[in-house]
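Dear colleague,

Please find the structure below.

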Amino acid sequence: MTRTAIIAAFHGELKPLVRGWPHSTRNGIHFWAQRNEEEEWIAACAGAGQDAATRAFAGIEEGGPVDLIFSIGWAGALRPEIAAGSARNVAGVIDVRTGERFHCEAGAGELWLATSPKVADQAEKRRLASTYNAALVDMEAAAVARLAAARDIPFYCIKGVSDGFTDRLPDFNRFLSPTGQIRLARLTLYTTLRPWYWPALLRMGENSKRASQNIAESLSDFLDGRFSDE
């Protein structure tokens, strides 16, 4: 049986794709699985950051070897022409911490993604775009790419754009737990008292929903209707 892993950070990034798939939780990792007689697709999320992505992949591997792997989820735009809400196939991933570059499968896309150890604000977005000539930024893909390369597994990356290049948003880093979870109550209180963030946060919410839907549609093209009757 061919096993395909799909790694994200949060359920919201996977929601349109895994709707109706059986769900389980183990060791703080959420899993969704769909299978037929020849193929199994397993999606997992454990939070933001490379450590969380590594845990999610390890959890999938506990069920057996992986034959194909996708890193999906939300990313920030590093160029003004990258439209929020769109989904982009990525050509390769750069680990900002180490400088490593990982190529996706040939023909997967043209844009490069920078994986940062923190949520990038406007100044950091400009720096990443200039330093790495990247078009998108996330916090997880480099870990997934590294694991795929170490195992010689074909790697793909599809990212949905949650925030535009010029969006002024709160510093989300202060609301991330050590395990990569969002401290939602603290974030809500913080932003409630700072109404100047509300318009950008509302746009981000709508863009994130559209981005997740577009990711799902891109992946569905790859799935080629295998589970449409289930």
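K159 and D138 are both buried, where buried means under 20% relative accessible area, exposed over 50% and partly exposed in between (1.4 Å probe, protein chains only). This is a predicted model, in which local features need pLDDT of at least 70 and side-chain atom pairs count only at pLDDT 80 or more, while totals for chains, interfaces and linings use all residues. Residues are numbered from 1 along each chain as its sequence is written, and side-chain values use heavy atoms, with hydrogens and water left out.

**Salt bridges**

K159 and D138 form a salt bridge, with 2.9 Å between the closest N and O atoms; the term denotes a side-chain nitrogen of Lys or Arg within 4 Å of a carboxyl oxygen of Asp or Glu. The pair links distant parts of the chain, 21 residues apart: K159 belongs to strand β10 (residues 155–163) and D138 to strand β9 (residues 136–138). Helices (H or I, at least four residues) and strands (E, at least two) are DSSP runs, numbered from the N terminus. The count of salt bridges comes to 11.

A further salt bridge joins R203 to D167 at 3.9 Å, N to O. Here R203 is in helix α6 (residues 198–223) and D167 in the loop between β10 and α5, 36 residues apart. R203 is partly exposed at 42% relative accessible area, whereas D167 is buried at 15%. Salt bridges with shared partners also connect D95, R97, E100 and R146 in one network. Within it, R97 pairs with D95 at 3.8 Å between the closest N and O atoms; R97 is exposed, at 52%, and D95 is buried, at 0%.

**A buried serine**

S86 sits in the loop between β5 (68–77) and β6 (87–95) and is buried, with a relative accessible area of 17%. Leaving aside neighbours within four places in sequence, S86 is in contact (heavy atoms within 4.5 Å) with K159, G160, V161, A211 and N214.

**Nonpolar cores**

A nonpolar core is a set of buried Ala, Val, Leu, Ile, Met, Phe, Trp, Tyr and Cys residues joined through side-chain atoms within 4.5 Å. The largest has 36 residues, of which I7, I69 and F155 touch the most other members. Helix α4 (residues 141–151) gives the most to this core, namely seven residues. Apart from it lies another core of 17 residues, including A8, L14, C45 and A216.

With kind regards
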